[in-house]
Amino acid sequence: MLSSLKPLDGVPTARTAAATDQGPHDFAARLRRAPGGGRIVESRPNPLFDTLRRRIGDPQAYERVVQKLKNYEKYFKAGGPVQRHLVTRYPGDVVRAIESMRIYSNMPAHKARRMAFTRRLTTMDDDTYTPEVNQAVLGNAQCLARTNAECVLPGNQVSLEMRSPFMRDDGKVVRPVILSVSAPDLGSPDQPEWPHYVNSDNRLREAPYRYSLETLWGHIFRSSAQHPDHRVVLSAFGMENFIKGLPPKEKGRARAIGADVFARSIKELQHRGIDVAFSDIEENGPFWTDVNRLLPEGSAIRWVGALPGRWMRNKDITVNSWDPIALVGNGCRIDNSFDGWLGRSSATSWSDALVCILYYEGVLGEVANIPVQH
């Protein structure tokens, strides 16, 4: 029963080396110390709700959408103060992010949309974010990637693009394109992707693994073609947590395949005249060292810094290392991954939650037409 659910209080803010570029005058840190943060569902007049009310023809469907958004605010407390500030300060951007969305996938459009919008709030803290909570907020109890075997076949990955407000650590708000891509999750043998990429001897299946990474790079190429004047800022998607379940030797093979695919794809982007860089918690990490070693002399890509940093700009495509199960941003401030830092520093989780709610209420088409590009 929904009445038995309890909102989270006092979720600890996680800190990692990704935050070491934040100084004592960091604007985001001041927000974390500030009381309150506002509630978007209680803000009137509000362009977000004005837009939804105007576009959703069925008043009862509109009220159900609003109730689910209230449930999101009530139960998902891991977003943090920066996310709340962005959504209360720029509520119209929540809908504009949905209007800007594109899905990249080889699957038929209806299956790709179902995969993109059947999600869990987060994969973290299962005792709190139960199927019951997910049903109350997003309209579904479980994500499609864990209930439909077709969704995790090599080459069937889904990537989601949106333009969302992001707060840098100097307090400046920019609106980059966020392209969230999901590499195969080989974090443990329990993951449903595992048998497609790892054989019974725990050896990596090289061909399907390479194909999956090349598929995701195809999504990056398509996104870059949509925004040819944008810099592409890469994350090391799939090259850390998503291969940690492999034996050491196979983990090395996965990284070598990844470095080769990344390097060849970076060369292609550079050939097209696209500026390419990368973000990570350190400049000289072993994966990026391997990638740059494979690039021609003079074409190594540079490190721009960690998230949230001061490097993000409007004309960036930031390639996010997304989870195939959760909303963009996953656990946000209780998540120390690239995805988590991006989520806690932006409005992406809010917009992703709303688009899933609209999809399950059957009114997404009344708010935005989200294309699927193959």
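Trainee: How many aromatic pairs are there?
Mentor: Rings of Phe, Tyr and Trp (its six-membered ring) pair if their centres lie within 6.5 Å; planes under 30 degrees apart count as stacked, over 60 as edge-to-face and the rest as tilted. Please keep in mind that this is a predicted model, where local features need pLDDT of at least 70 and side-chain atom pairs count only at pLDDT 80 or more, while totals for chains, interfaces and linings use all residues. Residues are numbered from 1 along each chain as its sequence is written, and side-chain values use heavy atoms, with hydrogens and water left out. By the ring rule, the count of aromatic pairs is 14.

Trainee: What kind of aromatic pair do Trp 217 and Phe 262 form?
Mentor: Their ring centres are 5.4 Å apart, with 80° between the planes. By those values, the pair of Trp 217 and Phe 262 is edge-to-face.

Trainee: Which helices hold Trp 217 and Phe 262?
Mentor: Helices (H or I, at least four residues) and strands (E, at least two) are DSSP runs, numbered from the N terminus. The pair ties together parts that are 45 residues apart in sequence, because Trp 217 and Phe 262 lie in two helices. These are α9 (residues 206-226) for Trp 217 and α10 (residues 248-271) for Phe 262.

Trainee: Is Trp 217 buried or exposed?
Mentor: Buried means under 20% relative accessible area, exposed over 50%, and partly exposed in between (1.4 Å probe, protein chains only). The relative accessibility of Trp 217 is 1%. Therefore Trp 217 counts as buried.

Trainee: What kind of aromatic pair do Phe 278 and Trp 288 form?
Mentor: The centres of these two rings are 4.4 Å apart, and 15° lies between their planes. Phe 278 is in strand β7 (residues 276-279) and Trp 288 in helix α11 (residues 286-294), 10 residues apart. Both residues are buried, and their pair is stacked.

Trainee: How are α9 and α10 oriented to each other?
Mentor: Axes are lines fitted to C-alpha atoms, for helices over the stretch in contact, and angles run from 0 to 180 degrees between N-to-C directions. The two helices pack with axes 10 Å apart, at an angle of about 30°. Angles under 35 degrees count as roughly parallel, over 145 as roughly antiparallel, 65 to 115 as roughly perpendicular and the rest as oblique. Therefore α9 and α10 are roughly parallel.

Trainee: Which strands stand at the edges of the sheet?
Mentor: Two strands pair if DSSP finds at least two bridges between them. The open sheet has 8 strands in the order β8-β7-β6-β9-β5-β2-β1-β10, with mixed pairing. Each edge strand has a single partner, so one side of each is left without a neighbour in the sheet. The edge strands are β8 (302-305) and β10 (372-373).
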